[in-house]
Amino acid sequence: MKIERLPSGSYRIRKMYKGKTYTVTFEHKPTQKEAMLAMARELESTQEKCKAMTFQAAAEEYIASKRNVLSPSTIKGYHAILKGTAEPFLSKNIHDITALNVQEEINRIAKERSPKTVRNHHGFISAVLGIFHPGLKLSTTLPQKVKIEPYIPTNSDIRKILDYSKGSMFEIPIMLACYGMRRSEICALECQDIDGDVVHITKAKVLDEKRNWIIKTTKTTESTRDIIIPIELSDKIKNKGYVYKGHPNSITCYLFKAQDSLGIPRFSIHKLRHYFASEMSALGIPEADILRMGGWETDYVMKSVYRHSMMDKEENAKREASDKLRNALFF
């Protein structure tokens, strides 16, 4: 067993057991025998503790173990799932939970929530059980996914909104959103992040688990990226001295107000990313480049949400091929 010396001068041993790391520290350098006996006592103590652990206690320990590696919004989502879990399930001993108990909890959630929410709920439960009750095999039946056809703003919609917002504090955020930036990225953007017509996207403004707005790194490593914006937009930001100083939710409220006034369908600022992907695809930009510019982690995410432009492109290609065959056969 490896014995590590810490900067503080104390010593540490660690052991991975059933997907969890156990640690024991010493004020002096232990012998191998001392280290093995101490780790055995730690494992025994932990197992005794787990025997009396409820699902709620296990879930809270799971969340705590992930706090420094997952985004604040993900941790906040975990707490929301825990809050929405039935009390009988929360108070049940982790080792007494059966696959049937999990199915019953999922059935309860499915009566009131969307299939996506139900799947997130199940994903969290199964992750907790995977750590604290690894021997349990789940075969939960989940509700069928609902295919959502998102509304993609048209060029006419965008022009109307940009004209409406001209000169307002929301003009720049809306324009940046049309270039594929997320609201969280826009709200965290500063003048020093812009070099000429290049925007360096390295951070985001999000809610933490205590519902405080904080600045953190971007959503994924792919989200950290550079994009090109019109030099006119860059100059507008530089002349103003900042990008946006208001509350993040105010952008969405303003956008809804503009849409209602203009008589166009309501859509959130995030839907401007749909518009960005659609326009890029229509212009013939390669899919890999769209992924990079939009900061999407996988093509699955982009295709599942922004597939409309792809479908239109395929439809046009099919019609063109059909017309060529028609001309060859009948004319």
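**Close-up 1. An open sheet of three strands, in the order E1-E2-E3, in a predicted model.** Pairing in this sheet is antiparallel. Strand E1 (4-5) and strand E3 (20-26) stand at the edges. Each has a single partner strand, so one side of each is left without a neighbour in the sheet.

**Close-up 2. The pairing of strand E2 with strand E3.** E2 covers residues 11-17. Seven bridges join E2 and E3 in the antiparallel sense. Tyr-17 stands opposite Lys-20 in E3.

**Close-up 3. The packing of helix H2 against helix H6.** H2 spans residues 55-66, and H6 spans residues 115-132. Their axes lie 10 Å apart, at an angle of about 90°. Angles of 65 to 115 degrees count as roughly perpendicular, so H2 is roughly perpendicular to H6. From H2, the contact takes in Phe-55, Ala-58, Ala-59, Glu-61, Tyr-62 and Ile-63. These meet Phe-124, Ile-125, Ala-127, Val-128, Leu-129, Ile-131 and Phe-132 in H6. By class, the contact of H2 with H6 has 12 nonpolar residues, no polar residues and one charged residue.

**Close-up 4. The second largest pocket, with a volume of about 390 Å³.** The lining of this pocket comprises 17 residues. Closest to the pocket centre are Met-175, Cys-178, Tyr-179, Tyr-275 and Phe-276. Helix H7 (155-165), strand E8 (225-228) and helix H12 (271-282) each supply at least two residues of the lining. The lining divides into 13 nonpolar, one polar and three charged residues.

Terms used: Residues are numbered from 1 along each chain as its sequence is written. This is a predicted model: local features need pLDDT of at least 70, side-chain atom pairs count only at pLDDT 80 or more; totals for chains, interfaces and linings use all residues. Side-chain values use heavy atoms; hydrogens and water are left out. Two strands pair if DSSP finds at least two bridges between them. Helices (H or I, at least four residues) and strands (E, at least two) are DSSP runs, numbered from the N terminus. Axes are lines fitted to C-alpha atoms, for helices over the stretch in contact, and angles run from 0 to 180 degrees between N-to-C directions. Angles under 35 degrees count as roughly parallel, over 145 as roughly antiparallel, 65 to 115 as roughly perpendicular and the rest as oblique. Contact means heavy atoms within 4.5 Å. Ala, Val, Leu, Ile, Met, Phe, Trp, Tyr, Cys and Pro count as nonpolar, Asp, Glu, Lys and Arg as charged, and the others, Gly among them, as polar. On a 1 Å grid over the protein atoms alone, a cavity is a set of points where a 1.4 Å probe fits but cannot get out, and a pocket is an open set with protein on both sides within 12 Å along at least five of seven lines; lining residues have an atom within 4 Å of a point. Grid points are joined across faces, edges and corners, and a volume is the space filled by probe spheres set on the points.
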